[in-house]
Structure formats: C-alpha cells, structure tokens
Amino acid sequence: MTTTTTIEAETLKQYLADSPPTVVPLAIRPHFEALTDKEKLYAHHISLACFAGTRIVLRQLSPESEPIYDFIVALHKHSKGDYDALAKEAGLVQEELEAYLNYAAQFLGNLGNYKSFGDSKFVPRLEPRQLKALATTSKEALGFYEQFKDAIFAGDDVAKLHLGYPSAGHVSTYYPGSPTITKEEIASVSDFLESKGLLPENTRIRKTNEGFEVLIASALDNPSSEQRDLKDSEWTLDDGKKAKLVFGDYSNEMETIAHHIEQAKKYAANDNEVKMMEQYSKSFRTGSLEAFKESQRAWIMDKGPTVESDIGFIETYRDPHGIRGEWEGFVAMVNKERTKAFSKLVESAPQYIPKLPWGKEFEKDKFLSPDFTSLEVLTFAGSGIPAGINIPNYDDIRQNFGFKNVSLGNVLSAKAPNERLPFIKDDQQALYKANADKAFEVQVGLHELLGHGCGKLLQETAPGEFNFDHENPPISPVTHTPIRTWYKPGQTWGSVFGTIAASYEECRAECVAMALSCEFSILQLFGFGDGNVDINGPAGDVLYTAYLSMARAGIVALEFWDPKSRKWGQAHMQARFSILRTFLNAGVEFCELEWTEDDLSDLTIRLERDRILDLGRTAVNDYLQKLHIFKSTADYKQAKKLYDDITDVEPFYENLVRPAVLRKKVPRKVFVQANTVEKEGKVELREYEADAKGMIASYAEREYV
C-alpha cells in the first residue's frame, strides 16, 4: 500500500479493504422453488429491473466507481474466472491476488468504493504497480484502469476519504462535476424546488456558469409538459442565477428498468400489482415522482403478496443534504411462519402504544396497521442490504394510507462460521450467541412496526387549520407546559429537521424497541416465554441479550465516527451510540464499561440483568420521551441540542474506546446473490459460491447491467 506524507500510516490502516471481507450466501432456493411458474416470471423481471440500476448506484457514489466496476468485470471475462492463471499472467503471487479479490468482493458488496454502512472509502491492499500489472493483461481492463488509477487509492487528502458536501472537501456525485457548489447553494436550489412542489428523490444538481441544472432520472430526455410533475422547467432565482430541469439522467438504465417492469406487469397477481407496475413504468420513463407516489399507494394496498418487491429512489442517507434518494430495489418471498408472529404484534399494537411515555395527544388518532411480513430475499440491488425496512418514506402516504414493514429473514440469519464477538464477557458469549438472532428479530419487529409506525406530527395543515386543539394546546410531558411549536403549512418532518432527521428518527425507533421489548407478553408473541415476567427465564435471556446487543452496537458504532471531520458517517450507528450513553447514564448499578489494560484491549460491557426493568427501561423512557415530543412538536432547537450533546464523542471515547474498536473490527458481511435466468418461458435460479470469485461471477453474468 502506498504511504503519503499527509495521511499518517496509522490513520490509513482504517481505510484498507477488509482482509478478507465476510462473504456470506443469501440463501433462497427452497422459497424460490415454491413459487408457481407465473410468480417466478414476475419475480424474474422485477429482479432484472432492480439490478439494471447497478450503474445508477455507482454513479451516485463517486466518479471512479463505475470504471472500477467495469475493470472488475472485464478482468473476470478476460480470465474466464481462472484467477490463478490471471495472477500468473500478471506476475502476481497468491497473496497479491487474494488482496485484489478481497477488494473486488467488498467493492461489489457495497456497489462502490465507499462503505455503504459508514460512508468512508476503502482502498486495495495492493501497490499501484500490482494493480497495473493486472490491468495490462487485458486491453479493455487497461482502458478502465486509466480512468480510475489516481482515485482508487487513498491519496493525500483525508476529507476525500468520506462522503459529504463537496464544499467541505468531501465526495458526493449527487452534485456531479460541481466541486465548488456550497451547502448554501444546495439548500437554496432545493428549497426553491420544494416551494414549486418538485420532489427531490430522483434528482442530482450540477452547478454551471449560469446557475444550476437539476438532473432528473428518466428514460426520456424530453418528456412532454403533460408527462412532467411541473409544466415549467426553467426559472430565475432571487440572486439572478438560473435553475433548469434536465431530464434523461441515467437514461439507458431507466429504459432497461422500465422495460422489465412492463414485462413483469404481464405476470402480476392482481390489480394492485398491475397498477404498481404501470405507475413505476410511468415514473421511470418520465421522471415523475408523483407517478412513483401512486405506485407506492398501490403497493401499500397489495397486502400479503406471495412475491413482495419495491423499487426506486428510496433512502436518502447518502446524500449529504439528506433528501436525494439512492437507487434500490428488492424482490422477496414471504416466510409464512415468521410472518404469523409479526401479524400478532400488529394486531396488539393498540394495547402497547399507550405504554410509551407520552399521552394520546402526541399519538396518531388511529394506529394504521401496516402489513408486516418476514421476507426471504431473492434480490436486493443497491449499496447494502438492511435487516428490516419500513417504507414508503413519504409522510403524507404514511399518515393517510399506511406503510409496510418487512423483516428480511435470510439476511438476519446469514452467518459466517465462528464469528468473534468483541466486548461481550467470556462467560456471556454462549448465552449471547444462542439468543442474538432471537433478540434481533424482536428488536427489528418493534423498531420497524411500532417505532417508525407510532407518533403524530402536530401540524397547522393549512393556514388556521390544525390537526390538534390549537385553542387548548396539549401539555408537553417534558416541560409540563402547553406546547409552543408545531409544523407550519408546507413544512414536513424532513424539511424542519434536515440533516439530523434520518439518525434522530432511527434513534427514536430503536428506543421504542428497547422500551417495549421489556413487555414479556410481546416476547411471548415471538415465541419466547409464557408472557409472565421472568427475567431469568428463556424470555429474560432474549431481553437481556437485546440490551447487551444494543450496548455492544453503541461501542462498535465508534468505527463510524470520523475524528477529522468530527461527524458520524452512519445514521443508525450514531443512534446506537446515544443509547449506549443512555444506559451508562442510568448509573453503574445498571451498566458500566470495564477493562484492566491501559489500551482497553480487554474492554467489555457489564450490564445488570436484574436492573433492566427498573433502571434500564426508565432511562430509555426518559430519553425516548424527549426525542418523541421534540419531533412531534417540530421543536428542532431542543431536539438538536439533545442529540448533539448525547452523540458528542468525548476524549475518552475518541482516544481510548475508538482505537480499541478499530483494533477488533469485524468485517461487515457482503452477500452473494443468486441470478434468475429465463429459458423457454421458464425461470431458473443460478447460485454462486459464497466467496470473492462467486461474488464477481454473479455480477459478470448480468449482461444487461
């Protein structure tokens, strides 16, 4: 690895690619084979549409990601998958070949050269000359190498090793070719478009001499004014600069996606699925996000399908401005057994939500029962695979139509053999490993269903019209005085809370899960215990493991905090750190970090099992109450202060705990996914070895990408 004068060798280590990455299979065959031929064809075409967005994800990440992808595929095709022969041809020894394959697997597992979980760059453990030696084996590969050779390594600018605002020196291709675009300019253009009613998820912004081009993802580069969400496409801003809509971003990819969506429509199981496919197709062809919202309304109405899927520009975590969506799409089969437990939780939601620490004035008038299913994933295209999903992210649809929650079963259960678990005491390892999956399933269910699903935003819905009693405003349980803030007309939760919104909401949902997992009747719904409070029984094992797991996640989270920029790179991890701090703030009688070595190399968590129900839950409830009330009442000022304070990384965590975490870092899993292939009207599943070569082969065989 090259060293530079600017980045110290010790700092550089944390940016090296995992050696090796944890490659696991996304096992699906029995669930796929249970489908009918028609269902397989439906799944197949949506799967192709999902993966056809691969280059979109790459282009949303960094300028070098797409040529690196092409390089990996070109080398695979040149060598016909015989990497030993390739190494020989390039004059590389086995260890150097492994370093290349490990990098390629991690790159494909994250669809780019920045971690999907953490947003920091990772670089090959190869010398530039070794990478060039590989490139020179193939004329095509060499052409791609020339495009990225300077950008694939660490360089000498630490800021460029993180995604973020270009004006802060970070990398973001949501603002392509615009190194000088400022945070203020992004905000001003985004706010202007919001005032016009244009949704931002499928856009990027490019700064030009005249002003700004707003790039819209669509197959058509010039949709008619009737097909567009806004009739106008050019404006002059207050400062005299122009803002212009430019259609046809990713046009080739959007065309392929729309084509396969239209093919899938032929095999839809019902009218809701037909409508979904029609609206998807319209959205992907014309760039209309109003059509996309229609697809999501139809999707919510498609209750309990055999083949579940969603596709589009969904999550906004990676846009530094927090509003532009990353391409993702998934296709999955329902796991009927696991879904039963979630259905029971949905049914009993109205009896558990009142146990949360706020009154009914801060809760939806009627809990909209979401469709909660446990899925086995066939395809998940995007930069990473989550364990659970709660979508759509449009508040108006969530409030008025509802939402869907899914837990991804085969993602949760995917295991690498003999995983080490740092920070858990030796005498707790067996108990922890035996219960971690169970605890996580409870946590994901409560987080997605009741966490994201609960709570009311107090709004002035139109001038002078309110969705609460404005004459006698509710009393805040935090201040014990009438509330003074609420959402004004046109404001949304995202527009008021801005960059902290994603992490803050994940934190609120995690706290709901921590609070309600203390209900033994909920644990019983998942098949643990008999509903009676018994902290030392099987259900108590699951509860204790859930709390221990959250505390451990809070420690591990420090990997995702960057000491140079002093910012968190991952929404969920910032949230989990704050919950660890909440546990520790409950006092040494409940939770404490323990160590004897000066370098904290033997750091472990002591968490008192028999104090979870009084000290642990009380501390979580106090924190959750503030998070919830500030969100509910649009009190951004108090919310930001609370969240900044508790997620501030103090010297002890920065200088002692974080280095201990980095030394014990366990590589994040990357998943090898199957492909589907159509032969004579029938669809077959093609699986690959769960290793780096299998990962590369699975991508290389997607000729349509």
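1. Ala557 sits in the loop between helix H21 (538-556) and strand E13; helices (H or I, at least four residues) and strands (E, at least two) are DSSP runs, numbered from the N terminus. The model is predicted: local features need pLDDT of at least 70, side-chain atom pairs count only at pLDDT 80 or more, and totals for chains, interfaces and linings use all residues. Residues are numbered from 1 along each chain as its sequence is written, and side-chain values use heavy atoms, with hydrogens and water left out.

2. With a relative accessibility of 0%, Ala557 counts as buried. Here buried means under 20% relative accessible area, exposed over 50%, and partly exposed in between (1.4 Å probe, protein chains only). Ala557 and Glu460 are separated by 97 residues in sequence and by 37 Å in space, C-alpha to C-alpha.

3. Helix H22 (residues 571-585) has 15 residues, which at 1.5 Å a residue should span 21 Å; the end C-alpha atoms are 21 Å apart, in agreement with that value. The expected span is 1.5 Å times one less than the number of residues. Of the 15 residues of H22, 14 are buried, so the helix is largely enclosed by the rest of the structure.

4. The N-terminal end of H22 is capped by Gln570, which places a side-chain oxygen 2.7 Å from the backbone nitrogen of His572. Just after H22, Gly587 adopts a positive phi of about 110 degrees.

5. The structure holds 30 aromatic pairs. Rings of Phe, Tyr and Trp (its six-membered ring) pair if their centres lie within 6.5 Å; planes under 30 degrees apart count as stacked, over 60 as edge-to-face and the rest as tilted. Tyr280 and Phe292 have ring centres 6.2 Å apart and planes at 40 degrees, so this pair is tilted. Tyr280 belongs to helix H12 (residues 271-286) and Phe292 to helix H13 (residues 289-301), twelve residues apart. Both Tyr280 and Phe292 are buried.

6. Phe497 and Tyr504 also form a tilted pair, because their ring centres are 5.5 Å apart and their planes are at 50 degrees. Phe497 counts as buried at 1% relative accessibility, and Tyr504 is buried with a relative accessible area of 0%.

7. Ring pairs join Tyr250, Tyr280, Phe284, Phe292, Phe313 and Trp327 into a cluster.

8. Charges over rings are also found. The criterion is that NZ of Lys or CZ of Arg is within 6 Å of the ring centre and within 35 degrees of the ring normal. Lys631 lies over the face of Trp493, at 4.7 Å from the ring centre, and Arg668 lies over the face of Phe117, at 3.7 Å from the ring centre.

9. Asp249 is part of strand E5 (residues 242-249) and, at 11% relative accessibility, counts as buried. The side chains of Asp249 and Arg204 are joined by a polar contact of 2.9 Å. Such a contact is a pair of N or O atoms within 3.5 Å; within protein, one must be able to donate a hydrogen and the other to accept it, and residues adjacent in sequence count only if both atoms are side-chain atoms.

10. Five cavities of 30 Å³ or more are found in a search of the whole structure. On a 1 Å grid over the protein atoms alone, a cavity is a set of points where a 1.4 Å probe fits but cannot get out; lining residues have an atom within 4 Å of a point. The largest cavity holds about 160 Å³ of space. Its lining comprises 20 residues, of which Gly118, Ser120, His162, Glu559 and Phe560 lie nearest the centre. Strand E13 (561-562), strand E14 (567-568) and helix H25 (651-663) are the elements that each give two or more residues to this lining.

Definitions and conventions. On a 1 Å grid over the protein atoms alone, a cavity is a set of points where a 1.4 Å probe fits but cannot get out, and a pocket is an open set with protein on both sides within 12 Å along at least five of seven lines; lining residues have an atom within 4 Å of a point. Grid points are joined across faces, edges and corners, and a volume is the space filled by probe spheres set on the points.
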